[in-house]
Amino acid sequence: MKSISNVIICGLGAIGSIYAVKLQEAGFDGLRVLVDFKRFEKYSTQPICFNGKNYSFDYILNTDSSFVADLIIIATKNQGLASAVESIKNFVGDDTIILSLLNGISSEEYIEKFYPKKTLYSYFVGHTSTRCGLNISFDGVGKIVFGEKYNERYSSRVARVKEFFDSVGVEYEIPVDMQYSFWKKFLVNVGTNQASAILGGEYYLFQNSQRAMCFAKSLMQEAANIAQVYGVHNYQNLLPEAVDIINSMLAHTKSSMLQDVEAKRETEVDIFAGKVIELGKKFNIPTPYNTIAYEIIKALDEKAKL
């Protein structure tokens, strides 16, 4: 089994920075952070500040052709996915594995269109990191969940990533039923990301307001209804387990979508409510709560541009 010795991280935001810092602190010298020339100039003069400490990385331009990655971690926003997929083309080899830590349930399918049989299911779960410009704070509670669709036995791809993460101290989980785990994370995002953006509340709100939690549950129930016809095993457990996750979050932290609204950044509503609405139409499942959430959050996006 070929060991992972060359790694590219694409996206140096709230999630990508966690793992760029983690690998650098572990002394791993095969890391490259992929940037375009504009970001290279920006980071060269204004390094990111992670938990109060400035970090500079070994940056690689998307025009470089001298580096083949064993592992590529994409950690952009969904709006940057198409650009990221184009940017990594020079670094994908025969044995490259791609992990997409983007929110939603669509990025892996999109990446596979361009790089077949390269992508594992994956996502980040943990306490929300907070980003303000180039300043990022994170309490260290988080892990990468990854794997094939089902993992009764580890494939060679899963085993390679597991061995690498063990060697550099990256916390991870490999669920037996990755599809179920994937949808559980999707429910959490559909619920609290969107409800928090609309209500302007931290996780504390959902942990202490029955009406706020009821709103989040209504959004999540529509996604769970779709999961049932989508063929997700044990779909009936998705909603209660998603609620448990919400109740475990740090009370006075904010979802990524609420942070986007407050910073007047474009939200990712298209991959949450937008995806629920799309699949609802496909399977003839009503999605009234997500339809309303979509319209409100799209209005917030427009408001941010005024």
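Which residue is the bridge partner of Ile8 in β6? The partner of Ile8 is Ile72. This is a predicted model.

**Strand β6 and its partners**
- Strand β1 (residues 7-10) runs parallel to β6, and 4 bridges join the two. The pair Ile8 and Ile72 belongs to this contact between strands.
- Strand β7 (residues 92-100) also runs parallel to β6, to which it is joined by 5 bridges. Here Leu71 stands opposite Ile97 in β7.

**The open sheet**
- An open sheet is formed by 4 strands in the order β4-β3-β10-β9, with mixed pairing.
- At its edges are β4 (53-55) and β9 (130-132), each of which pairs on one side only.
- From one strand to the next, the twist averages 25°.
- Strand β3 (residues 48-50) and β4 run antiparallel and are joined by 3 bridges. Opposite Phe50 stands Lys53 in β4.

**Helix α9**
- Helix α9 spans residues 238-248, and its buried residues are Leu238, Leu239, Ala242, Val243 and Ile246.
- Viewed down the axis of α9, these buried residues fall within an arc of 130°, so they line one face of the helix.

**Thr287 in its loop**
- Thr287 lies in the loop between α11 (273-283) and α12 (288-305).
- The relative accessible area of Thr287 is 9%, and a residue counts as buried under 20%, so Thr287 is buried.
- Apart from its neighbours within four places in sequence, Thr287 is in contact with Glu222, Ile226, Val276, Ile277 and Gly280.

**The cavity**
- The count of cavities of 30 Å³ or more comes to 1.
- The largest cavity has a volume of about 40 Å³.
- Its lining is made up of Leu102, Asn103, Gly104, Tyr123, Phe182, Lys185, Phe186 and Asn189.
- Helix α6 gives the most to the lining of the largest cavity, with 4 residues.

Key:
Residues numbered from 1 in each chain as written. Predicted model: local features only at pLDDT ≥ 70, side-chain atom pairs only at ≥ 80, totals over all residues. Heavy atoms only, no water. Buried < 20%, exposed > 50% of the residue type's maximum accessible area, 1.4 Å probe, protein only. Contact = heavy atoms within 4.5 Å. Arc of directions from axis to C-beta. Pairing = 2+ DSSP bridges. Axes fitted to C-alpha atoms, helices over the stretch in contact; angles between N-to-C directions. 1 Å grid on protein atoms, 1.4 Å probe; cavity = no way out; pocket = protein on both sides within 12 Å on 5 of 7 lines; lining within 4 Å. Points joined across faces, edges and corners; volume = space filled by probe spheres on them.
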